[in-house]
Amino acid sequence: MTKQELLQKIEETKCRSAWQRGVKEYALEMTENFDNMPESTAELKSMCLNGAGDFVVLSYGGGYLVYDEDICERLCNNTEKRRTNYGEKQPNSRESWLDVQSRALYQAYRLIRRCYEF
């Protein structure tokens, strides 16, 4: 499978929510950064992590969005945006916006893995 075929397959994925659209956008960004195509799931995960130990480290290390407002804009529907004052308030009592982003990054990796044919 080529990079362009993988990008097309991810692009064709149906999304019903703002969260799914955000995860898909992360998956497309991750795939764009591939220099070559992985040969195993372990190599795919390593390429998605881009040198980070896990997706939390990737998120907190500035590998993707760093501003709460940007993360909120990408992953939330209009009701959630208003509830959090467009990212100024924490998303919930248990997580920060970077934690939310790390969950989305992991799901983006899972989307790529589902679309990629080894």
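This is a predicted model: local features need pLDDT of at least 70, side-chain atom pairs count only at pLDDT 80 or more; totals for chains, interfaces and linings use all residues.
Helix packing is taken up first. Two packed helices are described by the angle between their axes and the distance between the axes. For α1 and α2, the axes lie 10 Å apart and the angle is about 175°. Because angles over 145 degrees count as roughly antiparallel, α1 is roughly antiparallel to α2. On the α1 side the contact is formed by K3, L6, L7, I10 and E11, and on the α2 side by K24, A27, L28, T31 and E32. Sorted by class, the contact of α1 with α2 comprises 5 nonpolar, 1 polar and 4 charged residues.

Helix α2 also packs against α7, here with an angle of about 65° and axes 8 Å apart. The two helices, α2 and α7, are therefore roughly perpendicular to each other, and their crossing is right-handed. From α2, the residues W19, V23, K24, Y26, A27, M30 and T31 take part. Their counterparts in α7 are V100, Q101, R103, A104, L105, Q107, A108, Y109, L111 and I112. In the contact of α2 with α7, 12 residues are nonpolar, 3 are polar and 2 are charged.

A further pair is formed by α5, which spans residues 68-75, and α7. The angle between α5 and α7 is about 40°, and their axes are 9 Å apart. This angle makes α5 oblique to α7. The crossing of α5 and α7 is left-handed. The residues in contact are D68, I71, C72 and L75 of α5, together with W97, L98, V100, Q101 and A104 of α7. The contact of α5 with α7 consists of 7 nonpolar, 1 polar and 1 charged residues.

The largest nonpolar core of the model holds 33 residues. Within this core, L6, I10, M30, C48, F55 and I112 touch the most other members. Two or more residues are given to the core by each of α1 (3-11), α2, α3, α4, α5 and α7. Helix α7 supplies the largest share, with 10 residues. For F55, one of the core residues with the most contacts to other members, the residues touched are M30, K45, C48, L49, S102, L105, Y106 and Y109, when those up to four places away in sequence are not counted.

A108 lies in helix α7, and at 0% relative accessibility A108 is buried. Apart from residues up to four places away in sequence, A108 touches V23, Y26, A27 and M30. Along the chain, A108 and V57 are 51 residues apart, and their C-alpha atoms are separated by 15 Å.

K24 is located in helix α2, which covers residues 18-32. With a relative accessible area of 14%, K24 is buried, because the limit for a buried residue is under 20%. K24 belongs to the contact of α1 with α2 and also to that of α2 with α7. Leaving aside neighbours within four places in sequence, K24 is in contact with I10, E11, T13, C15 and L111.

The remaining residues considered lie in loops. D35 is placed in the loop between α2 and α3 and is exposed, at 79% relative accessibility. The C-alpha atoms of D35 and K3 are separated by 9.0 Å, the two residues being 32 residues apart along the chain.

N50 is found in the loop between α3 (41-49) and α4 (55-60). Although N50 is not a glycine, its phi is positive, at about 50°. The relative accessibility of N50 is 61%, and N50 therefore counts as exposed. A positive phi also occurs at Y86, a residue other than glycine, with a value near 55°. Y86 lies in the loop between α6 (78-83) and α7 (97-115). At 45% relative accessibility, Y86 counts as partly exposed.

Conventions
Residues are numbered from 1 along each chain as its sequence is written. Side-chain values use heavy atoms; hydrogens and water are left out. Helices (H or I, at least four residues) and strands (E, at least two) are DSSP runs, numbered from the N terminus. Buried means under 20% relative accessible area, exposed over 50%, partly exposed in between (1.4 Å probe, protein chains only). Contact means heavy atoms within 4.5 Å. Axes are lines fitted to C-alpha atoms, for helices over the stretch in contact, and angles run from 0 to 180 degrees between N-to-C directions. Angles under 35 degrees count as roughly parallel, over 145 as roughly antiparallel, 65 to 115 as roughly perpendicular and the rest as oblique. A crossing is left-handed if the near helix is turned anticlockwise from the far one by less than a right angle, and right-handed if clockwise. Ala, Val, Leu, Ile, Met, Phe, Trp, Tyr, Cys and Pro count as nonpolar, Asp, Glu, Lys and Arg as charged, and the others, Gly among them, as polar. A nonpolar core is a set of buried Ala, Val, Leu, Ile, Met, Phe, Trp, Tyr and Cys residues joined through side-chain atoms within 4.5 Å.
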